[in-house]
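Please show the sequence and the structure.

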Amino acid sequence: MSIRHGLLALLERGPMYGYQLRAAFEESVGGTWSLNIGQVYTTLSRLERDEFVLPLPENDGGQRPYDITENGRRELARWFATPIERTDRPRDELAIKLALAMTTPGVDVTAVVQSQRTAGIRALQEYTRLKSRQDRQDAGDLSWLLVLDAMIFQCEAEIRWLDHCEATILRRKPPAATPPAAKPPAVKPPAVKQPAATPVAATRDTDHREGAGR
């Protein structure tokens, strides 16, 4: 939701000044979206420029309230009547984070998935607790209950998607390469000791002396 259309919807209830608009905005969304007062007055200035709101005289406290114009009402009616397209929504930071984790060396994608799923389960438990407490109240704020339901459904969908991501990663992860078996060290055959050779000259000299003696 754009802040400008949110402020126009609040001004349709009646004139308000900046701090009243911020408090009413945060109350309408159950405190799930905090507005900086600077954002409120910057948006009011742009709405005034586009002739969607009209500044009124300051009250006794020095605050300047704003009122919605007919152009503003037509713009608000157009916004309510126009479906929100998927392309108009912010990019999914989690999907981008996982896509980058898949291609970044040294990142354990499974650990990233498990960490996000743990955070999602904690958020789901907190939203469910808030909804249970709101349901027990006699006069619950219907707009806040609808916001809570939306956050619960989003958490459940995110957890299911993370389960799917982990299963897909494990199924398609290439098996670890098996190192080749080590070859046994080559055994060197023992050296064969050769018999000492008899000198030929000595043998002939011995034979000559034996012949002479005869």
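The questions below set values from this predicted model against the definitions behind the terms.

Local features need pLDDT of at least 70 and side-chain atom pairs count only at pLDDT 80 or more, while totals for chains, interfaces and linings use all residues. Residues are numbered from 1 along each chain as its sequence is written, and side-chain values use heavy atoms, with hydrogens and water left out.

Q: What makes a run of residues a helix or a strand here, and how many are there in the protein?
A: Helices (H or I, at least four residues) and strands (E, at least two) are DSSP runs, numbered from the N terminus. The protein has 8 helices and 2 strands, in the order α-α-α-β-β-α-α-α-α-α along the sequence.

Q: How do you know what span to expect for helix 3?
A: The expected span is 1.5 Å times one less than the number of residues. Helix 3 (residues 37–49) has 13 residues, so 18 Å is expected. From first C-alpha to last, helix 3 reaches 19 Å, close to that value.

Q: Which residues of helix 3 are buried, and why are they said to be on the same side?
A: I37, V40, T43, L44 and L47 are buried (under 20% relative accessible area). They cover an arc of only 125 degrees around the axis, which puts them on the same side of helix 3. The arc is taken from the directions from the helix axis to the C-beta atoms. Their cover includes helix 1 (3–11), helix 2 (18–28), strand 1 (53–55) and strand 2 (66–68).

Q: Why is P15 called partly exposed?
A: Exposed means over 50% relative accessible area, and partly exposed lies between that and the buried cut-off. P15 has 45%, so P15 is partly exposed. P15 is found in the loop between helix 1 and helix 2.

Q: What is P15 in contact with, leaving aside neighbours within four places in sequence?
A: Contact means heavy atoms within 4.5 Å. By that rule P15 is in contact with Q20, L56, P65, Y66 and D67. P15 and P65 are 50 residues apart in sequence and 5.8 Å apart in space, C-alpha to C-alpha.

How values were computed. Buried means under 20% relative accessible area, exposed over 50%, partly exposed in between (1.4 Å probe, protein chains only).
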